[in-house]
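Please look through the sequence and the model below before reading on. The paragraphs that follow turn to confidence, then to a pair of helices, then to a salt bridge.

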Amino acid sequence: VGDHKQLRPTVLSDEAARRGLKVSLFERMLRLGVQPLLLDTQYRMHPSLATFVSTCFYRGKYLSGVADAKRPQPRGLRWPSPSCNAALLVSGSGEEGAGQSKRNPGEASAVVSLLRDVLHAGELRPAEVGVVTPYGAQVGLLRQQVSSLPGGREIEVKSVDGFQGREKEAIVISLVRSNAQRVVGFLSENRRMNVAITRGRRHVCLVGDSDTVSATPFLARMLRYFEEHADVRSAAQYGADAASGGRHAPSAKPAGARPPAKELLTESQAEAKLRARLQSFLADASQRSHALPASLNSFERMVAHRLAAELGLEHVSTGEGKQRFVTLYKEGAAPPTGAAGAAEEPRQGAAAVRGGEAEVEALAAAADGEA
């Protein structure tokens, strides 16, 4: 009994790994042609959480034996989706090196805010909530910050490997990676992400930088599923709401107060504003390229990439931190990869993300023989 689509055994000995012991007996049998019997019905997750996993890893054969009503959204979520028990909190906070590991303080703060809301609602006990992250340095940072919450020491914060075989009512996943080179490290191992997103029974929330995390076909597909079906928010908007007490809570402004440096728009307002800007660029025959301002937050950049794909524009993210911005190009106008000023390969409209789906399906179909 086993699942070769989740993590392999941990092998600490290099010699043992060279001799093949990192390949489980289960995988060896599959490679020898033994036909597996799929236990095709899951009883852990809300069906909306199982759908993505079924499509990507189990060829759509993974069924749910639990009714939606048995896995209601936990109380305390700011904007629960009516159709999908998941959320994506887009954070553009940059990663930091920590020895051989990585951490992301901005994401850690967002995770703590989410946990504070859920615990304050009083329905879930701290022991029923878990935090998963692939990096040991982020585990340490989160444990330190989460311990300050009421009952926070009872909240389990572990690496993905440490959570295999476990489950919680609600899971928050801190993806950590956020860099201009779009290097995703551990996140590129699809099995590890399969483990992470299947730990939650009633809710799963991803916290991460969509620009960086969408670097591989599988991760891009995962983000697109969350974008299309789950509740998507920006960390900047979430933080503003936390300060004001609600998404649209009015705030009193003293006479003569200086206006904020940037207006915080709702997600629908931000999308409408960006769409109008992109359509204006398309209509201007004199322009072949157009740089969006670096003042866009990471959520707005994610929307810009999606709208550019929808409108058939090539789109490139360049820069680091607060200087990161998106440049749009009309067909054939983007500089070649590696040219001066081209920080990364242009994304060809929707094809760059959706074209990766064939690769994902091929990987899923050939998983029995994965090395």
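**Confidence, packing and pairing**

In the protein chain of this predicted model, confidence is highest in helix H5 (residues 136–146), with a mean pLDDT of 95, and lowest in helix H13 (residues 351–354), with a mean of 35; pLDDT is the predictor's confidence in each residue, from 0 to 100, and helices (H or I, at least four residues) and strands (E, at least two) are DSSP runs numbered from the N terminus. Over residues 338–371 the pLDDT is below 50, and this stretch has 65 contacts in the model beyond near neighbours in sequence, a contact being heavy atoms within 4.5 Å. Residues are numbered from 1 along each chain as its sequence is written. Local features need pLDDT of at least 70 and side-chain atom pairs pLDDT 80 or more, while totals for chains, interfaces and linings use all residues, and side-chain values use heavy atoms, without hydrogens and water.

The axes of helix H3 (residues 47–57) and helix H7 (residues 190–197) come within 10 Å and cross at roughly 160° (axes are lines fitted to C-alpha atoms, for helices over the stretch in contact, with angles from 0 to 180 degrees between N-to-C directions). H3 and H7 are therefore roughly antiparallel, a term for angles over 145 degrees. Where they meet, Phe52, Val53 and Phe57 of H3 touch Asn190, Asn194 and Ile197 of H7.

Elsewhere, Glu123 and Arg202 form a salt bridge through their side chains, at 2.6 Å from N to O (a side-chain nitrogen of Lys or Arg within 4 Å of a carboxyl oxygen of Asp or Glu). Because Glu123 lies in the loop between helix H4 (105–121) and strand S6 (129–133), and Arg202 in strand S9 (residues 200–208), the pair ties together parts 79 residues apart in sequence.

Technical notes
Angles under 35 degrees count as roughly parallel, over 145 as roughly antiparallel, 65 to 115 as roughly perpendicular and the rest as oblique.
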